[in-house]
Amino acid sequence: MSGTELLSDQGLRIDGRKPNELRRIRCSLGIFAQADGSAYLEQGNTKVLAAVYGPHEIRGSKSKALHDKAFVNCQYSTATFSMGERKRRPRGDRKSTEMSTHLEETFAAAIRTELYPRSQIDIFVEVLQADGGNYTTCVNAAMMALVDAGVPLKDTVVSCTASLVKDMPLVDVNHVEQSGGSPELVVSILPHSGEIVYMSLTQRFHIDHLSKVLDTAIKGCKDIGAILKEIMKGHLTKLDTSLQAS
């Protein structure tokens, strides 16, 4: 799909959003009783489940144990029904392994791992429906699950994508925009410090455009962070009300 089709003459995207407009975000916390923390998050039509277990003793090979901090284990997978075409290898394929590694790097920078030496924190994410921004939605869902689990964080971590169509930066791209051939930037940040903990490009931007696309992605992260913060507050208020009632 060409850039002309992705952005109308009125400056609206194919799904009716403005270039700087996020997809609708919905999130529920504490959905799995057996997990230490869990979250279900929708970012547009991309839907992700996240569960956190730990900190707990190292499971499996003791060689994973780190004497001065916790080992962060992440597993990314996509449901076979998550896309129009059924996937034959939803877990353990090369892409899933790469995504898992990126998630581990991202959350190792956000979690206060030094508080739990020789222990392990497991983060499991599964994409139930894929419509662009799968990685960023997984980061945001996993962060909410960590909050639900009460895992100490140096800072929350928030992720967002940005692209460029007809010289116009687009925030939080969907699958159609992602498939349009334009470069896509993925950014994860620690909002309070502004530190970028993960960044990737599907292809190169011209140097004249990179700065404005990066600024768009970072602003998207901050806007998503503000939305998730309100969701966290609402969840904590419900918990407090429930405890008082009991």
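Helix 3 (residues 134-149) lies across strand 1, strand 2, strand 3, strand 4 and strand 5 and runs at about 145° to strand 2, where helices (H or I, at least four residues) and strands (E, at least two) are DSSP runs numbered from the N terminus, and angles, from 0 to 180 degrees, are taken between N-to-C directions of lines fitted to C-alpha atoms, for helices over the stretch in contact. This is a predicted model, in which local features need pLDDT of at least 70 and side-chain atom pairs count only at pLDDT 80 or more, while totals for chains, interfaces and linings use all residues. Residues are numbered from 1 along each chain as its sequence is written, and side-chain values use heavy atoms, with hydrogens and water left out.

The five strands form an open sheet of order 1-2-3-5-4 with mixed pairing, two strands being paired if DSSP finds at least two bridges between them. Its edge strands, strand 1 (25-29) and strand 4 (71-78), each pair on one side only. Helix 2 (residues 94-108) also packs on the sheet, touching strand 4 and strand 5 (119-129), with contact meaning heavy atoms within 4.5 Å.

Two aromatic pairs are counted, the rings of Phe, Tyr and Trp (its six-membered ring) pairing if their centres lie within 6.5 Å, with planes under 30 degrees apart called stacked, over 60 edge-to-face and the rest tilted. The rings of Tyr53 and Phe124 have centres 5.8 Å apart and planes at 75°, so this pair is edge-to-face. Tyr135 and Tyr198 form a tilted pair, 4.9 Å centre to centre with 45° between the planes. Because Tyr135 lies in helix 3 and Tyr198 in strand 9 (residues 195-201), the pair ties together parts that are 63 residues apart in sequence.
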